[in-house]
Amino acid sequence: MTTPTIPVPARTLASPFHWVRRIPMYILVLLFCIVTAFPVYWMTLSVFQPIEYSLTYPPPLFPQAISFDVFQEIFSGQDTAQRVDVWIFNSIILASMTTVICLGLSILGAFALSGKRWRGQGMFGLLLLMTQMLPEALIVIPLYATIDKLKMKDSLLTLALVDTAFVLPICIWILKNVFDTIPNEIRDAALVDGCNRMKMLWKIMLPISAPGLVAVGVVAFFHAWNEYLFAASLIGNRHLYTASVGLGSMISMIDTPIDKLMAGGLMFSIFPVIFYLMVQRYIVAGLSAGAVKG
Amino acid sequence: MAAQAAINKSASGRRRDYLPYMLALPIILYETIFILIPIVQQLVSSFTSDMFGISAVKWVGLANYDRMLSDKYFWNSMRVTLSFMGGTVIVAVGAGLIAALLMNQNFRGRSVARAIMTLPWAFPDLPTVLIFMWIFNPSFGVMNLFVRWILPIEQNPKWMMDINLALPLVIMIAAWKAFPFYGLVTLSVLQSIPSELYEAAKVDGATRLQSFRYVTLPEIIPTLMLMGVLACIFAFRQFALIFLFTGGGPARTTETLVVAVYKAAFNSFDFSYGATIGMAGFVAVFAITLLFAYLQRRQEAEAAS
Amino acid sequence: MTKPTDTKKTNKALNRRDFLKMGAAATVGAASVAMPKIHFPVFLRQSKMELNMLTWFWTEPGRGDAWRAMIQKFHEAQSDIHINEAGYGENDYFQQILIQAKSGRIDGDLFTETPDGFLRLMNAGHTVSLEDVVSKAGVTLSKAQDMLRKDGEVNGLDIVTVRFGLVYNKAMFEKAGVTEPTDLDNWLEIATSLTDRPNQFGMYSPHLASEPFSLWFMLQQWAVLYDGIWADGKKPLLNSDAVINGIKLYKAMYDNAMPQGTDVGTANSMFGASKIAQNMVVSAAVNIWKTGAEDPEVYGNLRSAAPFWPGGKGITRIHPICVNANTEPEKQAAAKEFLSWLYQKENYQQLLEGCLDVIPAIEGGIRPEYRETLTWADGYDATTAITVPEVLGDFVLFNDELGQVVTPHIEEILAGAKSVEDAMGEAQAEAEALAERVFA
């Protein structure tokens with residue numbers, strides 16, 4: 001984490017005599033870090049200090065006392081359907097399934113869009129763009145009706161399929177741009193060597209595009225982890241609640257104290273954050289979308 | 001282009017190439033089942049009157065659209081949506097650009113700073129709302145403390161309960177969560193700009209600002225445009241964050257089209273009217289996207305000539 | 001914060017396989033009852049009738065545990081019917097049931113509803129007559145349940161009636177040397193005198209735009225405080241004197257005595273920590289402070305104010321449980337079987353006590369010994385009931401729509417952007433337009 005993963009162009013290295021000129025930059029970096037980190041710090045603080053400190057004004061900026069009681073409560077409720085660990089387990093399953101399905105389909109889609117133009121390619125791109133633009137609230141009723149008729153309700157797999165539909169277009173777009181950065185010579189060489197195109201995709205393009213695949217995986221994972229509207233309507237079985245629905249049910253409970261809510265929120269956030277920090281180094285390389293125009 | 005055509009020719013000869021179709025087919029089927037069919041059902045629904053539990057579904061033609069056009073709250077939602085879109089696009093893409101320029105500098109602790117600066121991207125919507133509701137609580141929120149350090153005010157601001165503050169606040173929060181993504185994308189482009197370009201600019205005696213203007217900017221403008229489109233789409237679809245934070249209020253000042261759709265369908269049980277607003281919103285955002293795409297293509301053509 | 005322990009939770013620990021089984025059983029359930037000789041795979045050979053009960057109670061403090069205890073008792077009393085928990089949190093429940101009903105069928109065998117939601121579902125044909133249940137249980141329904149009837153037959157059985165009222169913390173009143181308010185002006189004075197921002201607040205009532213349902217729900221009572229109603233038949237009364245006065249009082253309380261910008265959950269925590277002295281709540285809400293309060297003394301100090309407002313009325317809401325009209329007849333029969341058991345007097349009393357409820361649905365539904373233990377209930381009891389249809393007129397079927405019209409204007413008023421008269425004048429015009437549309 002401490003070594004830069006991407007070589008920095010020489011031009012960004014300022015002359016050592018001009019470090020003073022860099023002070024505004026440090027201030028800006030610090031400012032950004034405070035703006036992004038403070039809310040997270042504040043949430044953590046509200047979780048670990050007894051609730052009475054949070055309900056005073058002015059609130060203390062640093063912890064006055066530490067208490068772990070709230071975790072006892074959210075992890076060991078008697079009602080197993082109302083436990084944060086159960087929700088998170090379901091969310092991990094859901095997000096993993098979504099990631100896998102989405103990766104598979106976006107590889108196909110990106111490969112179709114990258115490379116030689118074909119009749120209808122524009123329409124295909126437009127279709128993807130269109131589906132990306134539809135708000136979930138607009139289709140939840142008809143979709144629910146269809147899924148109910150198919151008896152596919154109360155299944156995390158169904159939910160993963162639905163979530164994929166909404167995140168697939170952007171994933172295809174990211175991956176297409178990654179594929180586009182692969183020089184034609186490389187594809188060409190593989191084809192001349194007698195690979196068919198699917199084999200070339202599998203043996204040559206995917207290994208080169210590994211960071212792009214990671215980026216797509218992260219986008220899909222976050223989407224499924226985050227999604228609320230479909231998760232709420234398609235999962236009626238309380239034992240299959242995902243973390244977003246579980247937390248939503250906690251918010252609505254008229255007796256949920258703020259520390260418990262914050263603890264739930266913190267737990268809900270920890271997994272995507274850890275996941276993100278783990279793969280962070282690949283992301284920039286993977287999102288090289290703009291490297292190609294359009 | 002020519003080289004690529006040659007390659008493809010050598011691979012598949014002159015016969016029609018079916019591979020792209022076979023690759024695209026599963027995706028088309030998939031999106032048809034999960035999105036297109038439901039949306040067509042909604043389109044049909046927008047031509048009916050459907051008050052659940054009150055009267056049977058009946059065909060009303062364009063009556064819903066008629067009602068919508070004279071509904072001042074629909075136009076309010078349209079305005080709010082555009083303000084929200086414009087606001088988040090400017091703030092999130094702008095902050096993303098600045099963050100990317102910062103992250104592209106070489107300094108001690110750069111990777112740690114990068115991790116911290118992009119952290120909000122990993123934060124789910126619900127906890128984000130929870131944190132900010134608490135920080136901006138008019139009675140106990142820590143933001144009151146900070147504001148009163150800086151501004152000479154006697155009373156805590158009303159934050160999300162203030163008709164003038166609510167929308168800017170929602171924009172800020174949406175941008176807080178969204179800017180890291182745009183920052184990371186921009187960073188990836190910045191890092192792909194050949195350093196020779198900067199060296200050449202330096203030789204020509206360009207200042208840092210000039211080299212940004214004449215080297216960096218032309219390289220990243222297409223990306224910024226694309227992200228503008230994406231940010232518009234994401235902002236248009238933004239629901240949970242707004243709905244949980246303000247519920248569209250106070251006094252409908254944060255009621256975007258998506259919130260209005262949801263409220264019409266699920267709070268007023270007027271499904272057909274919800275579908276109508278949704279369709280109109282969809283058409284509007286589609287038009288905006290096409291406009292962006294057109295501008296981008298023209299800009300590309302200019303760059304090419 | 002510990003929830004009351006209820007002895008055995010064996011049924012709760014359903015694992016995933018049980019649920020797969022359940023789903024499969026649901027599909028072939030009807031067939032297997034009709035033709036018991038058919039050879040099903042081993043895991044499907046189940047004689048138990050599995051019923052799903054949809055409700056938001058499962059996550060409600062106190063009430064959820066009370067219901068679990070009753071269902072446990074039912075499971076011990078017989079072995080043919082097994083009841084499973086299903087449903088959503090309170091925030092989402094009504095929308096989700098609606099999505100389900102809208103797509104043709106509510107996905108459960110039993111479901112609970114609000115009074116207004118129930119009327120809609122009954123109109124749309126999602127409920128069945130429960131007359132046979134009532135006669136089998138051998139009880140007499142209270143008059144209030146007449147609103148649950150369709151063609152004279154009761155389609156839902158009340159399982160919790162709540163009444164609106166003012167709950168206060170006796171200890172805080174005594175410390176400040178004040179007593180129960182004598183009239184509305186006096187009430188405002190008391191609430192203001194109890195407020196010492198930012199540490200102590202004299203009053204709370206929901207006011208956040210992000211909680212429009214809570215806001216509208218509670219706001220209805222503020223007009224009743226001036227002996228007013230919100231609509232008469234098809235005519236909305238949003239700018240009538242009573243409504244305007246009620247909202248003015250609400251705004252004055254908001255300005256002088258409420259923790260502004262605080263959500264209901266946090267306010268309830270603050271009430272439980274003796275930081276808020278009075279709270280406009282329904283009678284069922286006391287469950288929150290029975291076990292969960294920061295200050296354990298709070299529950300003992302709870303009192304409800306005897307009506308000091310003109311007319312002395314409190315909105316009374318009946319929440320029924322229904323049998324789904326679109327489930328298999330065998331399941332309907334089993335669901336009625338359960339309800340007949342539940343509505344037997346002793347069982348009903350036990351449920352009422354477990355839920356800390358105070359308004360019985362059947363004659364003799366509340367034991368005097370239990371009623372005596374409720375120190376907080378006197379004010380609620382002294383309040384005269386006014387039902388939702390009486391408060392909202394024909395708009396009872398459009399409660400949420402009316403709420404959608406009113407709440408944005410309340411937000412304008414609270415923000416000081418408009419006078420009460422102007423804002424409610426606009427609301428009235430919009431409500432009239434709504435009436436024209438929905439009553440056409």
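Modeller: In this predicted model, 27 residues of chain B are in contact with 27 residues of chain C. On the side of chain B that touches chain C, the elements giving two or more residues are α11 (240-245) and α12 (257-267) of chain B. Of the elements, α12(B) gives the most to this side, with three residues. By class, the side of chain B that touches chain C divides into 15 nonpolar, eight polar and four charged residues.

The confidence of chain B bears on how this is read. Chain B has an average pLDDT of 86, and 92% of the residues score at least 70. Among its elements, helix α4 (residues 72-103) of chain B has the highest mean pLDDT, 94, whereas helix α1 (residues 2-12) of chain B has the lowest, 46. Over residues 1-13 of chain B the pLDDT is below 50, and this stretch has eleven contacts in the model beyond near neighbours in sequence. Where pLDDT is low, the predicted coordinates should not be read in detail.

A contact within one chain may be set beside this one. The domain assignment of chain A gives domain 1 (10-67) and domain 2 (78-291), and the C-alpha centres of these two domains of chain A lie 31 Å apart. Six residues from domain 1 of chain A and seven residues from domain 2 of chain A take part in the contact. On the domain 1 side, α1 (23-48) and α2 (51-54) of chain A each supply at least two residues, and α1(A) gives the most, with four residues. That side of domain 1 of chain A has three nonpolar, three polar and no charged residues.

How values were computed
Residues numbered from 1 in each chain as written. Chains lettered and ligands numbered in written order. Predicted model: local features only at pLDDT ≥ 70, side-chain atom pairs only at ≥ 80, totals over all residues. Domains from an automatic or database assignment. Contact = placed C-beta atoms within 7 Å. Nonpolar A, V, L, I, M, F, W, Y, C, P; charged D, E, K, R; others polar. pLDDT = per-residue confidence, 0-100.
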